[in-house]
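Me: I should like to go through this model term by term. Please set each value against its definition.

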Amino acid sequence: MASADYLRTVNGQAVSRHELPVVSYETFRWTIINTVKAGAHLSALPVWRPDPEEPLRILAVLSRPLSGDLLLVSCHLPEPWPSLTTDFPAAHWFEREIAETWQVRPESHPWLKPIRFQHSHRSPASGAVPVGLTGFFRMDGAESHEVAVGPVHAGVIEPGHFRFLCHGETVYHLEISLGYQHRGIERAMAGGPGPRDIHYMETLAGDTTVGHATAYCLNVEALSGRSVPPRAESIRAVAAELERIANHTGDLGALAGDVGYLPTMSYCGRIRGDVLNMTAVLCGNRFGRGLVRPAGAGYDLDGALVETLLDRLDAVEKDVTGAVEIMFDTPSVLARFEGTGTVSTAAAREAGLVGVAARASGIDGDVRRDFPYGHYRLARPEIAVGSTGDCFARAYVRWLEIKESLAFIRRQLQELPDGPVTGAAAPARGDMLAVSLVEGWRGEICHVAVTDAGGRFQTYKVVDPSFHNWFGLALALRNQQISDFPLCNKSFNLSYCGHDL
């Protein structure tokens, strides 16, 4: 791989898009395959048309944890184009998205079908695409049958269709069909940055408000050359870790409920609310809306608020420790968690899993440490890694992350830097490209922004961690009892809306 074939950058840095080399498709393809074999991860694969007269452009964002940098590789997209998936399975979902969005077929793709049932950029005036009307895998034979669940579910959860191919009670494969709440957020970002954008980002995946708002702000700050005051960086990091604690606590309670262990379920539901209320102390909103803003934070903390948060942190730590440790000390719980829904390290790596799901399978990766941004450049939490890849590992990694986040927040509140919480305003520069990576509570969040000559968004791409991990849930169900699905599903707890965008 020659250095002339790619552009090297780092997390949250803007580069001139004219410096991005355009290579042949074969060079593009083998650069991706060889870089991934060397330990890189495909973080994003956006396609856009730089000019109405130009062919489609495809960009691979390859994040390299060993060197802490990003390789950007670009080419004109052939029509049709040879699929990457046969050599690089983690491209599977990306190629389906491109085929749906741009009506360009990746040849030899093993199972090409829509993932969001959205309008194509090339035929925006056509009628609505019926969501869920597509071909599904089939399995014939004695005692084989299919179980279809959703898109409407019994609980108060988002819509999605799950189709189990079973032999008796054993699941041979789970096919997942989403797209029931596609909102066109990426298309709405064209022409930005604008005042509405931050609200799109905060509601893109409602339980990841701080994560996506931070990724967006990193890109806007890079494109405009704005800096963030240290005090604001610290407040953002506190909010991000509160978001992690609240969601992990809720997930541990839900996992306990799925195996009938009601004490932890009941306690964690209340404790999650206590953590959300701490975020409300920060900014007046339990999900962190209004807190992360370009070049700063929307709210400051005074001494009294810091003391309040520290007191509440002590109470949360005491309560969550009691509620969770009793669960992990209960043999009947462990008997249901251990060995259920296992995803091997090799399978997780091949599928491109990220975040808790990847770390539980033994992949030692975390954006906060590997591609540090904001306050994580100065203060990095310890990274928890499991080894068994089962429901137990996905639960226990969450518990270890809760404990580390509690300690991390306490240190930041006690050492909060002095100074302002907002920086100077500046417009985005023209003909630039920026990539931001953030470790949300589910895992890696990637945003890619490209501006035109006037500094407006020509394209804006969002990759939620759920986009990488939904196929991991399908892998976890293979050869499991169908009754294990609720437990496996909770152990991933992926976002429907974050996927559908």
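Me: How do you know that the length of α8 agrees with that of a helix?

Reply: Helix α8 covers residues 303–328, and at 1.5 Å a residue its 26 residues should span 38 Å; the end C-alpha atoms are 37 Å apart, which agrees. The expected span is 1.5 Å times one less than the number of residues. A helix here is a DSSP run of H or I with at least four residues, and a strand a run of E with at least two, numbered from the N terminus. The model is predicted: local features need pLDDT of at least 70, side-chain atom pairs count only at pLDDT 80 or more, and totals for chains, interfaces and linings use all residues. Residues are numbered from 1 along each chain as its sequence is written, and side-chain values use heavy atoms, without hydrogens and water.

Me: Which residues of α8 are called buried, and what do the buried residues pack against?

Reply: Buried means under 20% relative accessible area (1.4 Å probe, protein chains only). Among the residues of α8 that are buried are Val-306, Leu-313, Val-320 and Phe-328. The buried residues pack against α6 (230–258), α7 (262–283), α9 (331–337) and α13 (391–414), contact being heavy atoms within 4.5 Å.

Me: What makes up the lining of the largest pocket by class?

Reply: The lining has 16 nonpolar, 8 polar and 6 charged residues. Asp, Glu, Lys and Arg count as charged; Ala, Val, Leu, Ile, Met, Phe, Trp, Tyr, Cys and Pro as nonpolar; the others, Gly among them, as polar. The largest share of this lining, 5 residues, comes from α6.

Me: Which helices each supply at least two residues of that lining?

Reply: They are α6, α15 (485–492) and α16 (496–500).

Conventions:
Buried < 20%, exposed > 50% of the residue type's maximum accessible area, 1.4 Å probe, protein only.
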